[in-house]
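Reader: I'm new to this one. Can you walk me through it?

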Amino acid sequence: MRKTYKSMSMNKKTLPFAAAFLSAALFSCSQQPSKPAVEPSLKAAVGDRFTVGAAASALQMAVPDTQAVRILKTHFNSIVAENCMKCEVIHPFEATYNFAGGDSIVTFAQENNMEMIGHCLLWHSQMAPWFCVDSLGNNVSPDVLRQRIKSHIHTIVGRYKGKVHGWDVCNEIIVEDGSFRKSPLFEILGTEFVYDALQFAHEADPDAELYLNDYGMTAPGRRDAYLALIDSIKVRGLRLDAIGMQGHMGMDYPQVEEFEQSMLAFAAKGVGVMVTEWDMSILPTVTQSANISDVAEARKEFDPYWPNAVPDSVARVWNDRMGAFWALFVKHSDILKRVTAWGVTDAASWKNDFPVPGRHDEPLLFDRQGQPKPFVKDFITNELNK
Ligand code: GLA
C-alpha cells in the first residue's frame with residue numbers, strides 16, 4: 001500500500017513511541033562502530049569485483065588445520081585443483097578413473113562455500129600415456145580419439161555436475177606464433193577436438209562455465225589466434241564463458257600494458273576474462289636456452305639469494321610489479337571474472353622446482369610464514385578502511 005503523508009505523519013499517539021525509538025537508535029549508534037566488523041581478508045576486500053582463487057593440492061585438503069587450509073578459508077572464495085583433476089591422475093588407464101583427489105577438493109569447496117574450478121579436461125601435458133595411442137603405441141584413429149574424449153569428459157564433468165562452477169576445457173592449445181600446438185590431439189583430430197570438447201562438456205553439465213586457458217597471452221600471435229578461435233566457436237553456437245590468461249610472470253615479463261591490451265581484446269569479443277594461474281618468480285628468468293644440465297651450478301646461478309633473504313631492493317621491485325598488475329585487475333573488474341594464484345604460499349609453489357629443481361622462489365601472494373605480501377596487506381587495509 002502506498003503510504004500517504006497523513007499515515008506517515010506524527011500524531012499525539014505516535015509521538016512518544018517515535019521519541020523512544022529515536023533515542024534507542026541514537027544510543028545504539030553511539031555503542032557500535034559505524035560499519036559491521038569484517039574480517040580483514042583478501043576476499044572481503046575484493047568484494048564482488050571478482051572471485052579470488054588459489055590452486056591447491058589434494059594433499060593440502062587431507063590435513064584439516066594447516067597454514068594453507070587456514071589461508072584458503074580466510075582469504076579465498078574460489079579454488080582450483082592444482083593436479084588431481086589432470087588426465088594422468090584422474091584417468092590413468094582407459095578403464096580406470098581415480099576420483100579420490102578430485103572428490104576431496106570438491107567437498108572442501110562445498111563445505112567452505114568456495115567456487116570450484118575444474119582444471120583441466122584436455123591438455124597435451126600431464127596427459128595419461130594411453131590416451132592417444134593404441135596398444136602398439138601408434139596414434140589411434142580420429143573416431144577412436146573422439147570417442148575417448150567424449151567418454152573422458154562426460155565421465156568427469158558428469159561426476160561433478162552442479163559442483164564445479166567452471167572447467168578449463170582445453171589448456172595450452174595455441175603456440176606463440178598463433179598456430180595450433182602440434183599435440184597428438186591436434187595431429188589426429190585437427191582443430192575439431194576443441195569444438196568437440198566444448199560440446200561434450202556442455203552436454204555433461206549444461207550449467208557449468210567453459211573456458212580455454214593458456215600462458216603467454218601477451219604474445220600477439222597467440223592472442224590473435226584466440227580472438228579468431230572465439231569467433232569460430234561463436235559461429236558454431238558453442239558455449240564459451242571466458243578466456244583464462246594463466247599469468248605466470250617474471251621480474252622482466254610481461255609488461256602491464258601488454259597484459260591489459262590482451263585482456264581488453266578478449267573482452268571486446270564478448271567473453272569473460274580470468275587470470276587463472278597467477279604467480280611472479282622473484283628469481284632471475286631462466287631462458288629456454290639456458291644450460292641446466294648441471295643442476296648444482298644452475299642452482300647457484302638461478303637461486304642467487306638462498307640461504308640469505310631476498311634483498312629488500314629486489315623484494316620491492318617484485319612487490320611493485322605485483323601491485324601494478326593487481327591495480328590493473330581491480331581497474332578492469334567489470335570484465336575480469338576471477339583472479340587465481342597458482343598456489344597458496346611460497347612454500348608450495350611449483351616455481352621452487354621449475355625450471356631449476358630446488359630453487360627458493362617467492363612468487364605468490366602469501367610468504368612461507370603465511371603472511372600476506374605487502375601489496376596484498378595494503379590492499380586489504382585500504383579497502384576495509386574505506
Ligand atoms: C601450466 C598448467 C598448470 C600447471 C602449471 C605449472 O600452466 O596449466 O596446471 O601445471 O603449468 O605447474
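Reader: Where does Glu172 lie?
Author: Glu172 lies in the loop between β4 (166-171) and α9 (184-189). Helices (H or I, at least four residues) and strands (E, at least two) are DSSP runs, numbered from the N terminus. This is a predicted model: local features need pLDDT of at least 70, side-chain atom pairs count only at pLDDT 80 or more, and totals for chains, interfaces and linings use all residues. Residues are numbered from 1 along each chain as its sequence is written, and side-chain values use heavy atoms, with hydrogens and water left out.

Reader: Is Glu172 buried or exposed?
Author: Glu172 is buried, at a relative accessible area of 10%. Buried means under 20%, exposed over 50%, partly exposed in between (1.4 Å probe, protein chains only).

Reader: And what is phi of Glu172 near?
Author: Phi of Glu172 is near 55°, a positive value in a residue other than glycine. Most residues other than glycine have a negative phi.

Reader: Back up a bit. Which residues surround the ligand?
Author: Glu172 is one of them; others include Lys86, His119, Trp123 and Asn171. Near here means a heavy atom within 4 Å. The shell divides into three nonpolar, five polar and three charged residues. Ala, Val, Leu, Ile, Met, Phe, Trp, Tyr, Cys and Pro count as nonpolar, Asp, Glu, Lys and Arg as charged, and the others, Gly among them, as polar.

Reader: How far is the side chain of Gln246 from a ligand oxygen?
Author: An N or O atom in the Gln246 side chain is 2.8 Å from an oxygen atom of the ligand. For Glu172, the corresponding distance is 3.5 Å. A polar side-chain atom of His248 lies 3.2 Å from a ligand oxygen.

Reader: How much of the ligand does the protein cover?
Author: The protein covers 88% of the 300 Å² of accessible area that the ligand has on its own. Those areas come from the Shrake-Rupley method with a 1.4 Å probe.

Reader: Where is Pro254?
Author: Pro254 lies in the loop between β7 (248-249) and α12 (256-268). Pro355 is found in the loop between β9 (336-341) and α15 (374-384).

Reader: Last one. Is Asn113 buried or exposed?
Author: Asn113 counts as exposed, at 70% relative accessibility. Asn113 is found in the loop between α7 (100-111) and β3 (115-123).

Terms used:
A polar contact is a pair of N or O atoms within 3.5 Å; within protein, one must be able to donate a hydrogen and the other to accept it, and residues adjacent in sequence count only if both atoms are side-chain atoms.
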